[in-house]
Amino acid sequence: MDQILGNISLLFEFPIVNLKIVVDGLMIGALFALAAYGLALVWGVMNVKNLAQGDFVIAGGYVAWYLAKLGVPPLLGVPAAFILMWGLGWVIYKTVISRVIERDLFTSLLATFGLAIMMAQIMNLLFGSDTQSIQLQYDTLYFFDGFVDVPIAKLLGVTMAAALAAGVIYFMKTSRMGQAIRATAQDARAARVLGIDTEKVYSFTFSLNAAICGAAGAIIVMVWVIQPFYGITYSIRSFVIVTAAGLGNLPGVIAAGLGIGAAEQYGAHIFGIGYQQAIAVLLLLLVLVYRLIQQRRLRQSLK
Amino acid sequence: MKKTIFYVLLLIFITAAPFMFPAFRTQLATLWLMIVVSMTWDMTGGQMGYNSLGNIFFYGTGMYVAAIICIGLVHDVGIYNDASRSEIMKFTDTQYFVGAIVGIIGAGIFCAITAVIIGYVTFGLRGPYFAIGTLGVAIAAGELVANWEWVGGGQGIALPVYPGDLDNGKLFFYFLFAVSGVVLFIFLKWLYGTRFGAAVNAIRDDEEKAEAMGIHTLRYKLTMWALAAFFVGIVGGISAFQLIHFEPLETAYQTINLGIFMVVCVLLGGKGTLWGPIVGAILFHVIKEVTWNYLLGWQWVALGALIVVTVVYFQDGLMGWLMHKKPEWFGVRIEKKESVGEAS
């Protein structure tokens, strides 16, 4: 308890520490937002709640890490993870997801939970259970007498995440496929009547989601660490973000992603790093309860 | 008459099983554990339509509450769980048995109360949100307990060993599990036939309509969940004494082991039936024990694959499949097509 109070008073004594926490939080939050955007896409278009989201992120990270070990320049790992995870997403869609779309929601949730367990274990067997990361040979920028340190690698990662997000948004807004995806999300039956091949849209959306997650993972492995069993945390964070922001609310997803990144950093600073996972989960519960109170006012329930 | 003979034979077999297969006593006890948790999961998941992924929360909480009560009756819990403690803290035989029984019952009661408190919040959530919300509760509880030094932190609690002969200990735990399983079965067989059971099924089929019919849904949901939690807490408490040592993340709040096993068992056997969870648990436990040792690290992959295959291809489960194929076994009479047409 004293330690917690000490940590809080530190924030007031040295306001600059706040800035460091916020900067760190926003940088990691950008990557959460990326994974959450993929989830919102799949959720909105085909109504599948993908609990394997975080494991796609970690799998993408391992693709980049393995390539870097083979001597490929680390920055190339991001597009490589994007392409490979696209393929994996397509395979998973064809074998599992396409069969659960029309079923009730718990089916998709449980099927993807099974997938998550499988993927985490396969990665554990292939790469071992140690934490892994790629060391990039870049400098670190210091601001405010060294209180705020921003490694160029992290800056690069955030820039890539932003570029990827911008690319996906541009694609969704302008391309024919993007239009078809948005039409399917609005009303799948109407889209089918109007000649949109919804099956193709579904497989495309799910593959795109896996690819976005993979790229996010490839960025994460360069700036933080990955481990086969970290997936569930990323899945939960994605759920927090999408539940908080609501579906089809892109600015909301980005804002919630950045906010949760910052909130987690504050929590870790105040309560200690051991609580980081608990904080991510408790945030989920807080968001659910908040949404619940909102809905109750309208005499509705959260479904 | 036939049914009475069947149940009597079954009861004799349950009593005789540990003596017939003395080498498998622990295995049989674990089987009972699986049966009980599967049946309790089916109480909300199958009968009420609320698919929880967090029922393991009550298992873990039951373990901790039972252990803390047993220790707390005799010693100071904080000192007992201190990792750097050097003195030996002993339990006499009476202290052990009184502690165990009081602890196990206390665990059940505590879990039922927590279920009401948690349920008051989570039952506003429907469908997948309920599943994710309860999963969140279980994960958060595990993480918080792992950071709580008073109950041993990440190292968990080491309980005293069963006093006396170890073989007798195995029998003791087998019968504790078996009795809770049999009591639960009789209770559920009665409960599903009452008005209460019908109301709970109405909630599953259409909650809005049930509420419009004047069923106070929240009260029913809370009662059902508290009953389920009571039994999970009891078997959790028994497990704590059977395992002797347990720690928060892998044994007590084991979200992906037992927490997901119970769902798979119910789906394998058939959701929403009385015998489905039991058949599923036996099937799953046998498959698991036979194949696990030969898979060498791939067992978790196999488990994930089993979940995916069950959910995608075999969701009605064994009982659902049987009901579809042989409806007359379940007392369901399907009339010929023509007469159905006339009736409607």
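Q: Where is A:V242 found?
A: A:V242 is found in helix α10 of chain A, residues 231-245. Helices are DSSP runs of H or I with at least four residues, strands are runs of E with at least two, and both are numbered from the N terminus. This is a predicted model: local features need pLDDT of at least 70, side-chain atom pairs count only at pLDDT 80 or more, and totals for chains, interfaces and linings use all residues. Residues are numbered from 1 along each chain as its sequence is written, while chains are lettered from A and ligands numbered from 1 in the order in which they are written.

Q: Why does A:V242 count as buried?
A: A residue is buried if 20 or more other C-beta atoms lie within 10 Å of its own, exposed if 12 or fewer, and partly exposed in between, with C-beta atoms placed from the backbone. A:V242 has 28 such neighbours inside 10 Å, so A:V242 counts as buried.

Q: Which residues does A:V242 touch, not counting residues up to four places away in sequence?
A: Contact requires C-beta atoms, placed from the backbone, within 7 Å. By that rule A:V242 touches A:A36, A:L39, A:A40, A:W43, A:L247 and A:V253. A:V242 and A:L39 are 203 residues apart in sequence, with C-alpha atoms 7.4 Å apart in space.

Q: What makes α2(A) roughly perpendicular to α10(A)?
A: The axes of α2(A) and α10(A) come within 8 Å and cross at roughly 70°. Axes are lines fitted to C-alpha atoms, for helices over the stretch in contact, and angles run from 0 to 180 degrees between N-to-C directions. Angles under 35 degrees count as roughly parallel, over 145 as roughly antiparallel, 65 to 115 as roughly perpendicular and the rest as oblique. So α2(A) is roughly perpendicular to α10(A).

Q: Which residues of α2(A) and α10(A) meet?
A: From α2(A) come A:F32, A:A33, A:A35, A:A36, A:L39, A:A40 and A:W43. They meet A:Y234, A:R237, A:S238, A:I241 and A:V242 of α10(A). The contact divides into ten nonpolar residues, one polar and one charged. Here Ala, Val, Leu, Ile, Met, Phe, Trp, Tyr, Cys and Pro count as nonpolar, Asp, Glu, Lys and Arg as charged, and the others, Gly among them, as polar.

Q: Why are α2(A) and α11(A) called oblique to each other?
A: α2(A) and helix α11 of chain A, residues 250-271, pack at an angle of about 135°, with axes 6 Å apart. That angle makes α2(A) and α11(A) oblique to each other. By class, their contact has 16 nonpolar, seven polar and two charged residues.

Q: What makes α6(A) and α7(A) roughly perpendicular?
A: Helix α6 (residues 152-174) and helix α7 (residues 176-186) of chain A have axes that come within 5 Å and cross at roughly 80°. α6(A) and α7(A) are therefore roughly perpendicular to each other. A:F171, A:M172, A:K173 and A:T174 of α6(A) make the contact with A:G178, A:I181 and A:R182 of α7(A). These residues divide into three nonpolar, two polar and two charged.

Q: Which residues have the most contacts inside the largest nonpolar core?
A: They are A:L34, A:A216 and A:I241, in a core of 207 residues. Helix α2 of chain A, residues 15-46, gives the largest share of this core, 17 residues. A nonpolar core is a set of buried Ala, Val, Leu, Ile, Met, Phe, Trp, Tyr and Cys residues joined through C-beta atoms within 7 Å. A:I241 touches several residues, including A:F32, A:V253 and A:I260.

Q: Why does A:N47 count as partly exposed?
A: A:N47 has 15 C-beta neighbours inside 10 Å, so A:N47 counts as partly exposed. A:N47 lies in the loop between α2 and α3 (53-69) of chain A. Its phi is positive, about 55°, although A:N47 is not a glycine.

Q: Why is B:I244 partly exposed?
A: B:I244 has 13 other C-beta atoms within 10 Å, so B:I244 is partly exposed. B:I244 lies in the loop between α10 (217-243) and β2 (245-246) of chain B. B:I244 also has a positive phi, about 70°, although it is not a glycine.

How values were computed:
Contact = placed C-beta atoms within 7 Å.
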